[in-house]
Amino acid sequence: MTVLRLVKGFARFWYAFLIGDDWKIAASVVSVLLVGAVALCAGAAPGGWLAVLLGLLLMAGFGAVLLLDVARRNRR
Amino acid sequence: MGATYGLVVAVFLASVVEAVEALTIVMAMGMTRGWRSAWAGTAAAAVALAAFTAAAGYALATWLPKTALQLTVGALLLVFGLQWLRKAVLRGAGLKPRHDEEAAFAEQTAAARGAGPATRLGLDWFAFTVSLKGVFLEGVEIVFIVITFGTSAHDVPVAAGTAAAAAVCVAVAGFFAHRPLSRVPENTLKYGVGLLLASFGTYWAVAGLGVFTADGTSLAWFGRDWAIPVLIAAWFVVTRLLIRIAPALARRPDRTGPNGIEEAP
């Protein structure tokens with residue numbers, strides 16, 4: 001029981017530490033990086049342009065998630 | 001070279017912010033329950049953090065190839081940095097109260113005065129455990145930044161030394177001020193650190209995607225390291241835009257007072 005509680009506490013600490021208050025931000029980062037990996041493997045764009053595109057997607061994803069969160073809070 | 005400058009600036013600023021928060025806890029315990037136990041807790045946390053940094057830094061640098069390391073630490077830095085930026089944007093937009101070191105100190109001293117006496121190993125156990133926990137938790141954030149920045153820039157010793165220097169500066173300032181360092185512009189520093197973490201995270205995570213190519217080389221940004229200041233500027237513009245848009249989207253009158261604390265409607 002004590003071990004289980006320790007494991008749960010450990011997992012909860014790292015979740016709060018890395019994922020934080022809004023899991024959607026982490027999800028958007030992982031999604032963009034997955035898209036980047038697929039695009040890179042498919043040779044969809046030259047490296048430099050792909051890097052720029054992914055950077056823009058990361059910023060757009062963060063903005064969208066944050067504004068969605070603000071709008072949703074207001075509805076509560 | 002750019003990465004090394006960024007490493008020193010980001011680690012120093014992040015360490016100052018976290019050290020100021022840790023100092024507030026240690027001071028509250030020291031002033032109300034006794035300095036010996038508060039310092040013992042701080043020392044125990046420092047030893048644990050040093051061991052954690054050495055073990056995790058060695059493991060990451062040894063086991064992962066360069067591009068996989070860039071992808072891993074870049075993604076972690078990005079996710080971690082975007083949390084800081086999210087809070088900075090919400091604070092800047094008046095949708096979240098600003099961090100107030102005086103209020104944190106008052107809360108900690110009240111808790112310390114209210115706790116009953118308990119002595120173990122010759123130490124005031126409350127002061128020891130609260131100091132240990134406070135310094136360790138604030139320190140883990142510094143360690144995380146030291147390891148991720150240090151391994152990506154191949155300079156863990158510089159990162160660790162910078163963090164230690166920042167902690168010493170804060171401790172000395174606290175010793176002379178003999179009160180929490182509430183005049184340190186923590187909210188602004190946190191915003192700046194968030195920008196650096198997100199920018200370096202973006203740079204390294206995208207570069208690390210090269211691990212999926214046949215030759216496994218890093219994905220190159222235009223201008224290489226010069227892309228980093230451009231990314232910092234871009235993240236700055238994005239967050240300034242969000243700070244302007246978010247209050248309008250919240251569709252409510254701004255009830256935030258001049259010091260950022262939300263007032264009663």
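1. Ground rules first. This is a predicted model, where local features need pLDDT of at least 70, side-chain atom pairs count only at pLDDT 80 or more, and totals for chains, interfaces and linings use all residues. Residues are numbered from 1 along each chain as its sequence is written, with chains lettered from A and ligands numbered from 1 in the order in which they are written.

2. Helix α5(B) covers residues 125–152; helices here are DSSP runs (H or I, at least four residues; strands are E, at least two), numbered from the N terminus. At 1.5 Å a residue, its 28 residues should span 40 Å, and the end C-alpha atoms are 39 Å apart, which agrees. The expected span is 1.5 Å times one less than the number of residues. There is a bend of about 25° at Val140(B), taken as the angle between axes fitted to the seven residues ending there and the seven starting there.

3. Of the 28 residues in α5(B), 21 are buried (20 or more other C-beta atoms within 10 Å of a residue's own; 12 or fewer is exposed, in between is partly exposed; C-beta atoms are placed from the backbone). Just after the helix, His154(B) has a positive phi of about 55°.

4. Next, the packing. The axes of α3(B) (residues 66–92) and α5(B) come within 10 Å and cross at roughly 145° (lines fitted to C-alpha atoms over the stretch in contact, angles from 0 to 180 degrees between N-to-C directions). Contact residues (C-beta atoms, placed from the backbone, within 7 Å) include Leu69(B), Val73(B) and Phe80(B) of α3(B), and Phe144(B) and Thr148(B) of α5(B).

5. Gly194(B) sits in helix α7 of chain B. It counts as buried because it has 23 C-beta neighbours inside 10 Å. Leaving aside neighbours within four places in sequence, Gly194(B) is in contact with Gly81(B), Trp84(B), Leu85(B) and Ala88(B).

6. Arg224(B) is in the loop between α7 and α8 of chain B. Its phi is near 50°, a positive value in a residue other than glycine. With 14 other C-beta atoms within 10 Å, Arg224(B) is partly exposed.

Note on methods
Contact = placed C-beta atoms within 7 Å.
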